[in-house]
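Open the structure in your viewer and keep the selection tool at hand.

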Amino acid sequence: MPQSNAVTQIYVLLPGLQSRAWQSGGLLIARKAAALLASHLPTQVVTYRDREPDVPYLADILPTLNPDALLIATWGPHINELCRQLAGRRLVYYAQSTRWSTPLPPTVPILCLSRYIMADWMRDAPFTPLFLLGPVLEPDCVDQGVPRDIDVLFLPRKSTTYLRDHLIPALQEHCSVHIVRDFIPRANLIQLYNRAQVYLYSSAPWASGRVEGFGFQPLEAVVCGCAVFSNLHGGLADYLDPEINAFKVEVYALNYDVARILGRLGAGSVNSPAALAALRATYSEAAFHNRMHAILPELERFFVYTARQPADIARLVYTPQVPRWRQHLYRMKRRMSRVLQRLQKGAR
């Protein structure tokens, strides 16, 4: 399949748009990215599972697709299938979570939503191009200055059992807790962030071993002026800074957590206007465009090279493994050294 140098078109691949099965923060992030990419190159959203009105369907357009087009896949559970279907195409994976898709072909660059995801892929795909491309906050995601009549806001989805079954009931004995159990439009969620004093979020590891790839809701809550109490699983550590712009929850004892959360009620904003402005700038449209101005040319260079040359770095970069017997010998020497030190102290 011959290719020229320049990417001429971008297609953002999504399983569907309207079905409840696809409604998530990942869908919002992908659609926002598609809208922003349109200022760099002609960009279209394409679906490949559900047919949507006025939206191209991948199987229909694939036979006539320009070989220079850049295809950006965003749905982790489907990435291996798409790699097989689009072999030989300029396919990029926009990874928003971890542990979906090991291994990937080394010809598929990975855009990583967080530094945690990038570090995770560095382990599983060390010879693949990796880039950091964070999400973008919407302009309405700000502290709107309305009365904060909700003490604690909590969304149980993806939460730990500790929060659901222990911390929330304990807090309900002392303050008002607003629990959102069903899906609500994003605009309504922004309003709740602005009404809440404290937002609780604690991402639970999945049975598959995956953890939060980024965690967009706590970021939105922070910039809306909430005091965010969260654990630091996965990509949450990209932007949550305990005692600086947020607070760590699940610390030592239930009553310790309860006391710290109640102590924030009526305490006002955690962050200064300057700190919030800096955080918004990190996840702004300008930051997204600056990164894409650097990433797109490198993607072009990579695909032009891989179309003409085979991969060889995996066999050139060789890190010898320490034999297991040497590992055991090293540990034994350390144990004996500690025993001798204790005997010497006892003899004095």
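A residue is called buried when its relative accessible area is under 20%, exposed when it is over 50%, and partly exposed in between, using a 1.4 Å probe and protein chains only. Helices (H or I, at least four residues) and strands (E, at least two) are DSSP runs, numbered from the N terminus. This is a predicted model, in which local features need pLDDT of at least 70 and side-chain atom pairs count only at pLDDT 80 or more, while totals for chains, interfaces and linings use all residues. Residues are numbered from 1 along each chain as its sequence is written, and side-chain values use heavy atoms, with hydrogens and water left out.

**Stop 1: helix α7**

Select residues 216-223, which form α7. Seven of the eight residues of α7 are buried, so mark this helix as mostly covered. The buried ones are F216, P218, L219, E220, A221, V222 and V223. Then step just past the helix to G225, whose phi is positive at about 95 degrees.

**Stop 2: strand β9**

Next select residues 196-201, strand β9. Is β9 largely enclosed, or largely open? Six of its six residues are buried, so the strand is largely enclosed by the rest of the structure.

Strand β7 (residues 150-154) pairs with β9 in the parallel sense over four bridges. Strand β10 (residues 227-230) also runs parallel to β9, joined to it by four bridges. Select Y199 in β9: L153 stands opposite it, and in β10 its bridge partner is V228.

**Stop 3: the largest pocket**

A pocket is found on a 1 Å grid over the protein atoms alone: it is an open set of points where a 1.4 Å probe fits, with protein on both sides within 12 Å along at least five of seven lines, and lining residues have an atom within 4 Å of a point. Grid points are joined across faces, edges and corners, and the volume is the space filled by probe spheres set on the points.

The largest pocket has a volume of about 1200 Å³. Select S24, G25, G26, R157 and K158, which lie nearest its centre among the 44 lining residues. The elements giving two or more residues to this lining are α1 (25-37), α6 (186-195) and α7. Which element gives the most? That is α1, with six residues. The lining holds 22 nonpolar, twelve polar and ten charged residues; Ala, Val, Leu, Ile, Met, Phe, Trp, Tyr, Cys and Pro count as nonpolar, Asp, Glu, Lys and Arg as charged, and the others, Gly among them, as polar.

**Stop 4: the second largest pocket**

The second largest pocket has a volume of about 390 Å³. To find it, select P106, F127, A311, D312 and I313, the closest to its centre of the 17 residues that line it. Both α10 (285-308) and α11 (313-316) give two or more residues to the lining, and α10 gives the most, with three. Its lining divides into twelve nonpolar residues, four polar and one charged.

**Stop 5: the whole chain**

Zoom out to see twelve helices and eleven strands. The C-alpha atoms fill a box of roughly 70 × 70 × 35 Å along the principal axes. Of the 348 residues, 47% are buried.

Terms used
Two strands pair if DSSP finds at least two bridges between them.
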